[in-house]
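I set out below my notebook entries on this structure. They follow the order in which I looked things up.

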Amino acid sequence: MSTQVPETQEAEPEAEEQAPSKGDQRRAERRRKAAAREQERQEEAAERAKEAEDTVELKVFRYDPEVPEKEKPRFDSFHVPFEKGMTVLDALMYARDTYDSSLTFRHSCRQAICGSDALFVNGRQRLGCKTQLSDLDEPVRVEPLPHQEVVKDLVVDMEHFYDQMEAVEPYFQTNELPDGELDEQRQTRENREKIKMSTRCIWCGACMSSCNIAAGDNQYLGPAAINKAYRFAMDEREGEDIKQQRLEIIEQEHGVWRCQTQFSCTEVCPKDIPLTEHIQELKREAVKNNLKFW
Amino acid sequence: MYEHDVIVVGAGGAGLRAAIAAQEEGADVAIVTKLHPVRSHTGAAEGGINAALREGDSWKDHAYDTMKGSDYLGDAPAVETLCKESPRETMQLEHWGMAFSRDEDGRVSQRPFGGLSFPRTTYAGAETGHQLLHTMYEQLVKRGIEVYDEWYATRLAVSDEERPEDRRCHGVVAYDIQSGEIAGFRARKGVVLATGGPGQVYDHTTNAVSNTGDGVAMAYRAGAPIEDMEFIQFHPTTLPSTGVLISEGVRGEGGILYNENGERFMYEHGYANNAGELASRDVVSRAELTEVNQGRGIEDEYVHLDMRHLGEERIIDRLENILHLAEDFEGVDGLEEPMPVKPGQHYAMGGVETDENGETCITGLYAAGECACASVHGANRLGGNALPELIVFGKRAGQHAAGRDLGTARIETGKRGEYEVGEVDTPVQPGEVGGPGDVAADGGTAPDGGATAELTPDECVERAVTDERTRVDALMSREGTNHATIRAKVQKSMTRFVNVFREEDGLKQALRDIREAREAYQDVAVSDPSRTFNTDLIQTIETRNILDLAEAITLGALVRDEFRGAHWRAEHQERKDENWLKHTMLSWNEGTPEVWFRPVILEGEDKTYEPKIRSY
């Protein structure tokens with residue numbers, strides 16, 4: 001595979017309909033030169049990358065519904081000079097800034113907290129920013145998260161994921177706030193410890209994408225949303241009545257009982273949240289809860 | 001056109017708090033954000049929230065520490081508002097269920113932080129920002145507040161009276177990232193900017209890639225003055241390879257800094273004989289770079305931060321996140337080895353000038369959070385003071401925008417009251433370089449040069465939409481330079497010349513580089529022709545904002561010929577209170593930055609904060 005460079009830009013500007021003014025001509029000339037410089041720069045970078053001793057080949061999924069040449073999904077190869085400590089996200093940014101500015105992916109914090117850049121890298125859901133290239137076999141295959149609709153290149157539609165997150169009433173509810181506005185609700189260290197891992201979710205969607213059940217059942221709440229429910233159901237500061245209500249949500253037809261404990265969510269979670277365990281614990285809570293009424 | 005009472009731009013801590021507050025006042029409020037709210041950079045904050053909650057502490061002590069930390073460039077009315085309201089706002093978060101770290105008795109934990117006379121930093125492990133952001137987003141969901149996510153606000157719709165103080169903001173123009181639609185958002189009551197900081201002006205920063213200072217740049221070009229832009233905080237402990245932040249909490253818990261010789265240099269080389277590692281951030285950053293410059297750095301680049309002696313249990317309990325960061329981004333096991341650290345751009349003390357109610361001099365335009373300058377941080381922000389700023393001023397801006405009477409602010413905005421005209425000797429003409437589709441005057445002047453004060457609010461928004469469509473069409477239809485080259489040039493120059501240490505020649509060189517980048521930007525072009533999720537276009541627009549803010553930071557740094565807080569000047573090694581107890585203001589006057597000054601307000605509610613030597 002050769003290094004991907006953008007298609008050759010037209011050398012001649014389009015003929016203008018009306019006689020251009022001198023100023024227009026100068027501007028057009030300047031732009032033509034800028035475009036030529038840009039082209040040269042990209043070609044040089046491609047050459048450098050080829051010559052560099054240590055390069056990594058990325059095979060990146062491409063798709064754009066609006067651009068005729070890119071309507072049909074394909075993979076592009078990019079050769080990126082490797083430096084120690086380089087992540088998949090660094091490599092994607094290098095490819096975009098150097099070879100093809102239309103290469104599209106979400107990213108922001110590049111420190112594993114914003115959850116924007118969950119990708120399917122070498123067949124596994126990972127955050128681009130916290131995956132070291134040195135840990136991967138070449139060529140590094142970068143694809144959008146499976147089981148989600150692709151908007152463009154590596155960007156997937158997250159709406160369904162957000163809808164499922166919001167379906168579990170993901171907000172603290174209690175009727176028992178202390179009287180004073182400066183008084184806190186007490187919470188034991190043990191209880192905070194119990195919910196701690198569940199509060200670390202960054203909504204990246206890796207778990208949902210890895211889940212076979214979610215792939216087959218569009219209504220299944222999914223590991224992230226159930227974990228969110230766990231975060232509140234296990235918080236001792238919420239009262240018993242609301243816990244009851246929460247268990248009803250997670251016990252519904254497309255709730256916890258759909259989980260078949262395949263552990264794929266737990267395996268891919270970039271924040272090490274024991275998702276499968278949380279789902280099992282809620283199943284047990286649900287059973288205990290029902291027993292009370294028999 | 002979309003229409004709401006209050007439009008909040010940005011969905012980090014300040015934006016979410018503003019939206020909740022506006023809704024509680026009965027306003028129909030919507031958020032426009034270029035990310036989804038949970039992706040906002042507030043989530044990356046680690047340390048904590050300063051709030052005087054405990055016996056033995058008081059808001060007055062917090063205010064004193066903040067004024068001292070600011071090197072007497074904070075405005076007392078804003079600082080006192082912050083410190084008085086922080087306890088109630090922090091407890092509000094607790095009542096919304098935020099998972100704070102807890103003491104044995106079940107109360108929220110507090111810990112020591114740099115520059116504080118009491119351990120008043122309330123925290124949730126080393127992930128306080130993440131917990132705060134998610135807790136507030138949950139409340140947004142609960143209230144059903146409308147969010148236009150992945151909509152990038154690119155221009156304000158402001159009427160164009162000659163004096164900014166007479167103008168009115170009627171809304172914003174935003175770009176739907178998913179579809180490419182450009183639309184107007186009319187705000188019947190007010191627009192709150194909460195777009196965060198401009199960290200991407202630098203190439204070594206703890207800030208997210210999305211932190212391009214959009215709100216500050218938009219407000220600046222629409223006529224709102226920007227304040228104290230030269231004061232950029234460099235955090236002393238960032239990972240050398242990426243700029244990822246290692247919380248001040250590590251030093252708060254007892255982490256120690258060593259140089260290559262294994263010396264505890266904060267003490268052994270006399271940088272801060274009392275506070276040591278817990279001196280203020282500017283002091284520690286300079287100490288580290290001095291060690292490196294004098295040949296005592298490791299690999300001539302960084303120093304070591306050691307937390308091994310704290311023990312595994314304490315580290316896991318309070319700093320677990322740091323272990324993951326050090327391992328994932330630097331390949332270092334913090335339990336076994338010291339972590340490499342060096343200073344990196346972290347926070348902008350300056351921003352859009354506001355009063356203590358979050359209001360700018362343009363009627364109906366508000367700013368809160370890092371994009372605003374109230375000013376509570378003056379020349380240097382204390383660790384743990386950014387998060388209370390978000391919630392306190394986010395709330396106030398939201399309330400005021402929705403129409404609540406918060407009383408008359410003591411801080412005056414715009415060219416009102418006492419101010420002084422300034423001059424700066426620049427090697428090149430700063431400011432706009434004309435070009436097609438430029439945004440020299442976001443809503444400032446009508447295209448035909450005529451007055452448009454007669455326009456209805458709807459027409460004002462429509463006009464801004466038309467201007468923005470013209471700009472975007474121009475960017476997309478021509479051929480030319482890629483924004484990435486221009487952005488990289490500015491970032492490199494800023495990191496080299498407008499960093500922790502600043503010299504006059506370097507600052508002038510930075511201005512020349514920025515001018516060259518401006519000229520190159522005349523030919524900037526978007527090569528991706530798609531209207532779907534065109535990040536090339538977004539980054540091209542962002543780059544324009546980076547240019548304007550880089551210039552503002554450098555101009556401010558050049559004009560302030562003294563050493564105060566985070567602003568160090570080689571030629572001026574002392575704080576000059578007789579000349580410089582004043583804010584550096586910049587106004588965008590038809591494309592030319594105009595420098596002027598406003599005196600700092602040191603008179604508090606019942607005391608005046610007398611400037612003292614700032615030692616730690």
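**Entry 1. The two chains**

How much area do chain A and chain B bury between them? I read about 6,200 Å², with 45% of it on carbon and sulfur atoms; buried area is the accessible area (1.4 Å probe) that two parts lose on being put together, summed over both.

I noted the conventions before going further: this is a predicted model, in which local features need pLDDT of at least 70 and side-chain atom pairs count only at pLDDT 80 or more, while totals for chains, interfaces and linings use all residues. Residues are numbered from 1 along each chain as its sequence is written, chains are lettered from A and ligands numbered from 1 in the order in which they are written, and side-chain values use heavy atoms, with hydrogens and water left out.

I then looked up the residues in contact (heavy atoms within 4.5 Å). Chain A brings 69 residues to the contact and chain B brings 77.

I counted twelve salt bridges between chain A and chain B, a salt bridge being a side-chain nitrogen of Lys or Arg within 4 Å of a carboxyl oxygen of Asp or Glu. I looked up one salt bridge by name, in which A:Lys152 and B:Asp528 meet through their side chains at 2.7 Å, N to O.

The rule also finds 46 residue pairs in polar contact across the interface of chain A and chain B, both residues at pLDDT 80 or more. A polar contact is a pair of N or O atoms within 3.5 Å; within protein, one must be able to donate a hydrogen and the other to accept it, and residues adjacent in sequence count only if both atoms are side-chain atoms.

I next asked which elements supply the side of chain A that touches chain B. Those with at least two residues each include helix H1 (22-51), helix H2 (88-98) and strand E6 (150-152) of chain A. H1(A) gives the most, with six residues. Helices (H or I, at least four residues) and strands (E, at least two) are DSSP runs, numbered from the N terminus.

I sorted the residues on this side of chain A into 28 nonpolar, 13 polar and 28 charged. Here Ala, Val, Leu, Ile, Met, Phe, Trp, Tyr, Cys and Pro count as nonpolar, Asp, Glu, Lys and Arg as charged, and the others, Gly among them, as polar.

**Entry 2. Confidence in chain A**

I looked up pLDDT, the predictor's confidence in each residue, from 0 to 100. Chain A averages 89, and 90% of its residues score at least 70. Over residues 1-16 of chain A pLDDT stays under 50, and the model has 26 contacts beyond four places in sequence for them. Where pLDDT is low, the predicted coordinates should not be read in detail.

**Entry 3. Domains of chain A**

Chain A is divided into domain 1 (43-155) and domain 2 (159-174 + 188-290); such bounds come from an automatic or database domain assignment. I find their C-alpha centres 31 Å apart.

In chain A, 13 residues of domain 1 are in contact with twelve residues of domain 2. The two domains of chain A bury about 1,000 Å² between them, 54% of it on carbon and sulfur atoms. A:Arg124, A:Gln125 and A:His147 supply 41% of the area that domain 1 of chain A buries against domain 2 of chain A, more than any other three residues.

E4(A) makes the largest share of the side of domain 1 of chain A that touches domain 2 of chain A, three residues.

**Entry 4. Domains of chain B**

I took domain 2 of chain B as 233-345, as the domain assignment gives it. The centres of domain 1 and domain 2 of chain B, taken over C-alpha atoms, are separated by 32 Å. In chain B, 18 residues of domain 1 are in contact with 18 residues of domain 2.

The area buried between these two domains of chain B is about 1,400 Å², and carbon and sulfur atoms give 50% of it. I count zero salt bridges between them.

**Entry 5. Backbone**

Most residues other than glycine have a negative phi, and most peptide bonds are trans. The peptide bond from A:Glu138 to A:Pro139 is cis, with omega near -10°, and A:Pro139 is found in the loop between strand E4 (124-127) and strand E5 (140-143) of chain A. The peptide bond from B:Ala374 to B:Ser375 is cis, with omega near 0°. Phi of A:Asn122 is positive, near 45°.
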